[in-house]
Structures are given as C-alpha cells and as structure tokens.
Amino acid sequence: MSDGPTGGATVPRTGVCYFPEHWPRDRWETDARQMAAAGLEVVRLAEFSWGRLEPERDAFDFEWLDTAVSVLGAAGLDVVLCTPTATPPKWLVDEHPGILQEEADGTTRAFGSRRHYCFNAPAYREETERIVGRLAAHYADDPHVVGWQTDNEYGCHGTVRCYCDDCADAFRGWLRERYGTIERLNEAWGTTFWSQQHADFREVDPPRHTVTDHHPSRLLDYARFASASVAEYNRLQTDLLRAANDEWFVTHNFMGHFPSLDAHEVGSALDFAAWDSYPTGFVQDRRQGEPTPAELRAGDPDQVALNHDLYGNPFWVMEQQPGDVNWPPHGPQPADGAVRLWTHQAVAHGGDAVLYFRWRRCREGQEQYHAGLRRRDGSADRGYGEARRVGEELAGLELASPERSVALLFDYENGWALDAQPRAPEFDYWSHVGTYYGALRARGVDVDVVRPDTSLSSYDAVVAPTLYLTDDALATRLTSYVRDGGHLLATIRSGVKDRHSKLHAELPPGPLSDLVGATVERHESLPETLDTRVTYRGTEYVYRTLGEWLTADQATVRGRHASGVADGEPAIVERAVGAGSVTYCGVWPREDLADAVTTALLERASVAHTDPLPTGVRLAERDGHAWVLNFGPNPVRVDAPADAEWTIGGATVDPFDVSVATAPAPSLRVEPTATDD
C-alpha cells in the first residue's frame, strides 16, 4: 500500500468480476462482447475455483480457465487472476483436517462455506505453495493476464484469529522472538495480576474461551500475532507470483471498516491495495445508528470515502456493489444513479480502477440474492447501463493521484487495544475516527488516512483521534511536526497506555503531556441518559460517550464542561508550540462541535475549506477536477468560479448524481435548491 501520491497519471478504468465456470461455454463470447460494449476493460477471475482447477489431487484442469482467458483477451479485455486459496476443496480438507480453523471455544469451523483454513497450518502453507506455484508458472507467459489478486478478502467472517494447536505453537514462537525471555514478557504484560505469570513460553496459550475477560495485553499481542500471520501468508503468495513474472502487479481485496487485520502490514507486500465496496450493506452492519432512507439507497459517503483514503493512493475497488446484495440485514435496491455515483466517488479519491461484483446473478449457492450487472437470464440489470455511462465519462480522462494537505492518523493497534477495554458499549475506535473524518469532509477537505509513523512534513494539519497506545518515539515525532509549523488536533483517550496495553505511570496523555500542555485529571464514560454539555469558544454543545476534564498547565482553555460533576472544568485546550499549534479535545463531539473544532484547526493551518456542505453532499478534488457528489435525496446548486468548466453534469446536481468541474474544490459553493412548500 502506498501512503502518498505516486506522481504518475492514469486513465481510470472499469471492469467486472466474472465466473465463467458458472455458465455454459456457448455464453462466454457473448458475455465478453457485452463487457466490452459497456466500456469495461478489466475482468477478475477464479478466486473460488480450486475445486474446478484441481478436482482431485494433482489432476489439474486448466483448460476451461485457459479458454475463458483467451475469449476475454480476444475481446480486448485485460485479465486479473486470483489465487484460489480462499476455498480449499473437500478432498484437501479430508486429507488434512488439521487445516481447519478453530473457534476460541474449540469448535472446528467445518467445510461447507469458505475461508475455513488456518493461516498457520503447515500443511496448508505447503498446499498454498503448490497450487499458487503451479498457477503462476502456467500463466507466466499469457499476454492477457496483467496481474493477480491474492486469495480473497483475508479474514472475512471473523477468520483472522484462529485458536487451534498450530496457532498456539506459532504464537509461542512469535512471543519468543518478540520478547526474548519469559521474564520480559511477564514484565511487559504485567502478569502478576490474577496470578497470570508464566514460567516458560510453552505455557502461553491463545486467548481461548474463559470465565471472564482475558488479560488485555494477551489480547493485544494475539491480535498482532494473528494479523502478522496473515501478512506472512500473503507474502508467501506474492513472492511466488513475482518469481514467475515480475511484470505482473499483485494486489489483494480488503474489506470496508474491517478491524481485525492490519491492512498496512499486509499491504506492504502489494503493489497497491484493492478493497470491496458495498455502501448499502456497510451502513446497516458496521456503523452506529440507524441509516436514513437516503443512506439505505446510496450509503454513507464518509463511511465509503474513509476506506478509499485508508487503502492508499492509488487503489482499486475490486468489488463494487452493482445492485441489491444478499448479506446485510436488508437488501434495498440502490437509488437510480447510485452505481455511477459510487464509481465516480472512487475515482475522485484516487481509484485507478473500479470492478463491479459481479457480471451476472448466480443461480446456485449462497449468493443467489446478490445482484450483478446482468440478471440470471442474461439480460441487462440496472447497473449495466450505469456502468456503461461511467465508462464513457471516464474515457480519455487522464488523472494524477490526489495531493492533500491534511492527514488523519489511523492505527489498527489502537482499535485492538480499545476493543479489549472500551469503557462503554458505544466506544468504537472506527466510529470515533469517523467523527473527525466526517467533519473534515463536510468542509470539502480531502484527507490522507495514514499510519502514525508516516512522515508528516508535507501536511499543514494533522488530526490524531485517540492515540491510545503512545510511546516516546511517537511523542517526539509529533512534537517535531508541530515545532516545525504543523498544526495538530489530538483527542480523548490519547497517551493512556504503553505499547503493551499497560497504563503509563504518568497521567494521560502520557508522553504527549509536554506537547499538549495539559493532563487529564479525571474521565468518565456516559450513557445518553446523563447530561453531557460543554462550551467551546462561547457556544454550548452536547457531547457523547466519554468526557475528560483537564488540568491546563501551559495550554489555553478553549472549552469547559457545562454539566455534571465536571461542571466548569477544562475540556478543550489549545497551545502554540514553536511555529505550530496543538489542540486537545477532551470530549467525543457530536457533529456540530466536531465541525467547530476541526474548522478552527483548518483556519490556524490556512487550509482552504468550504462552508458546511448540505447533508449527503461531498466534494473531492483530483488533478484539477472537482467532483460534486450528491448522496442526498434533494437536488443542490453549485456556484463555481467563472473560469470553471463543467466536464460532467452542470451547476445543478440531482439526487444521487454527480457533476465535475475544472476548479479547486474549496472554490465551489454548494447550496440546496429552492423547493416549493
């Protein structure tokens, strides 16, 4: 995964995921012709095909896939092949039942679905080398194959963390390498609590089912270990593919708002990251609060965009929702125009390719209720026309990667540690990050979502939500950034713990206290039934979930609690340091306060931004083009500079529609259109 602009320019492409093995061969040429007619240029194949490629051990059948690749190539389509390791076939499971994952309570995850293998099973790693090596060698010289996707959606269905004996052995080895001696592990974790000391690494088990909470340090290290196991397994595959043909690109399709896998770590072995975007599903199953009617039709633009920006620059969308989908609680049909809108949003955020999942609704198996660009009888579904229109709009539009002046720090490890001790059912790291990301996007500001160890020198402003696990090295980097002229916003529960999930000896924000110029005197998590008010720069706001009250030693108090036992105590402080500034927000703000705090940051950093955008409307800028993306149910009117040219659409943007102007995004003024009572 790339953390910054690549400098190159590309014409974004569209494509589709295709399963020729599901359909008669006499249909394949028709499908290829219709794909090309829709402007599709890339086709992904074979991610679940191990049982078809090798119906029994060493009896390989590549003929059908060879034919499909040839047919697609003849139609002018590039092919991305996938390693088929997400679905080990039944004969392999019967030969090596030890490859199956185990739940924390010891239940075996049996054959019958997908992703049932253990990343640490030696037998499965051997089988992976065999099938991936054979496929890579077979297609090494095929001119139609341009790249590969490793496996499919690592960790989907809660499969990052397995608790089998192979994982136990691998975990002990991982700990031994990390700590060196068992005494260092005991000290780092703090195992004197509840008599949890270990005399040897051989005693340490995975955090299997137990009476009550596991030790938070054990949980954090197991999360690290499990994610590292996926990264190691992925690198096994990428090495094999590159050894066969170093001109192939290699990627993987991650998922949206997926917490248990560090995509940055896995992505270090990839040429770029891809991810799978399902907006009407995500707004139902991985976001707090009830979705609005408009969100059920088009999703939450900030939820989707956060993933675009998290997965790097550039990125691909390997699976884009084309219609109704089968897996969320409900399957509403997307609004007319939503598929086109999602595609443009991805391109605006730096996407170089968007592939729709899938070509045709399948007549068999678990995903029969997942739409495709075409219906089960082969006729065009609603998404096909929208995909065709997008292909026409993007043709010839050469774009460089976006350049951004604001960064948001994101750390999977903070999420893992907070999950172990959230202090409130509502405290979710991703949701808290989204509060600030959404506030920036609501002001038309483009954001790079980066790891805390990323160089920040190119950014005018940095937002750092909940730097829960903080050490001196991070504090030093952030202090240097601010002293050199950067402007930083840090938030609740920062600097609380060290890297082993033990409380710092000093009060929060721990190593960041000198930079912030304040410490946290008290904190509380709060249900909605309690009064939670705070003043900020003379205006009163309501906050949510968690509040801290501060002792401001060297900082200026900008906000105070206005309710409860903290009434009158400092809640938000600000401080000038060197050529820059730092703000600490000690409450979880709702939308209005988040806007006020982030806008003050942008103004101190001289970052251009808009007036608050209408609900559901977002702007994104890439290479001199500004996208106006309307995810809302009402039309909006855009006031653009006189020299701006509308290359797509115009000044009125209808519901679930998009317009593109050649102008800086902050120069646009977007307002709701007048409506009759």
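The dialogue below takes up aromatic pairs, a helix crossing and a sheet in this predicted model.

Q: How many aromatic pairs does the structure hold?
A: There are 34 aromatic pairs.

Q: By what quantities is a pair of aromatic rings described?
A: In general, one gives the distance between the ring centres and the angle between the ring planes. Here, W50 and Y124 have ring centres 6.1 Å apart and planes at 45 degrees, so this pair is tilted.

Q: Where in the chain do W50 and Y124 lie?
A: W50 belongs to helix α2 (residues 50-53) and Y124 to helix α5 (residues 122-138). The two residues are 74 residues apart, and their pair links distant parts of the chain.

Q: Is W50 buried or exposed?
A: W50 is buried, its relative accessible area being 0%. Y124 is buried as well, because its relative accessibility of 1% falls under the 20% cut-off.

Q: Which residues form a cluster through ring pairs?
A: The cluster linked by ring pairs consists of W50, Y117, F119, Y124, Y154 and Y233.

Q: What is the geometry of the pair formed by W275 and F282?
A: The pair is stacked, with 6.1 Å from centre to centre and 20 degrees between the planes. W275 counts as buried at 0% relative accessibility, and F282 counts as buried at 3%.

Q: Let us turn to helices. How do the axes of α1 and α3 cross?
A: A crossing may be read from its distance, angle and handedness. The axes of helix α1 (residues 28-37) and helix α3 (residues 63-74) come within 9 Å and cross at roughly 35 degrees. The crossing is right-handed.

Q: Which residues make the contact between α1 and α3?
A: Helix α1 contributes W28, E29, A32 and M35, while helix α3 contributes W64, T67, A68, V71 and L72. By class, seven of these residues are nonpolar, one is polar and one is charged.

Q: Finally, in what order do the four strands of the open sheet lie?
A: The order is β23-β24-β28-β26, with antiparallel pairing. The edge strands, β23 (617-622) and β26 (646-648), each pair on one side only. From one strand to the next, the twist averages 25 degrees.

Q: How many bridges join β26 and β28?
A: Strand β26 pairs with β28 (residues 658-661) over two bridges, in the antiparallel sense. Within β28, A661 is the bridge partner of W646.

Notes. Residues numbered from 1 in each chain as written. Predicted model: local features only at pLDDT ≥ 70, side-chain atom pairs only at ≥ 80, totals over all residues. Heavy atoms only, no water. Pairing = 2+ DSSP bridges. Axes fitted to C-alpha atoms, helices over the stretch in contact; angles between N-to-C directions. Left-handed = near helix turned anticlockwise from the far one by under 90°. Contact = heavy atoms within 4.5 Å. Nonpolar A, V, L, I, M, F, W, Y, C, P; charged D, E, K, R; others polar. Phe/Tyr/Trp six-rings, centres within 6.5 Å; stacked < 30°, edge-to-face > 60°. Buried < 20%, exposed > 50% of the residue type's maximum accessible area, 1.4 Å probe, protein only.
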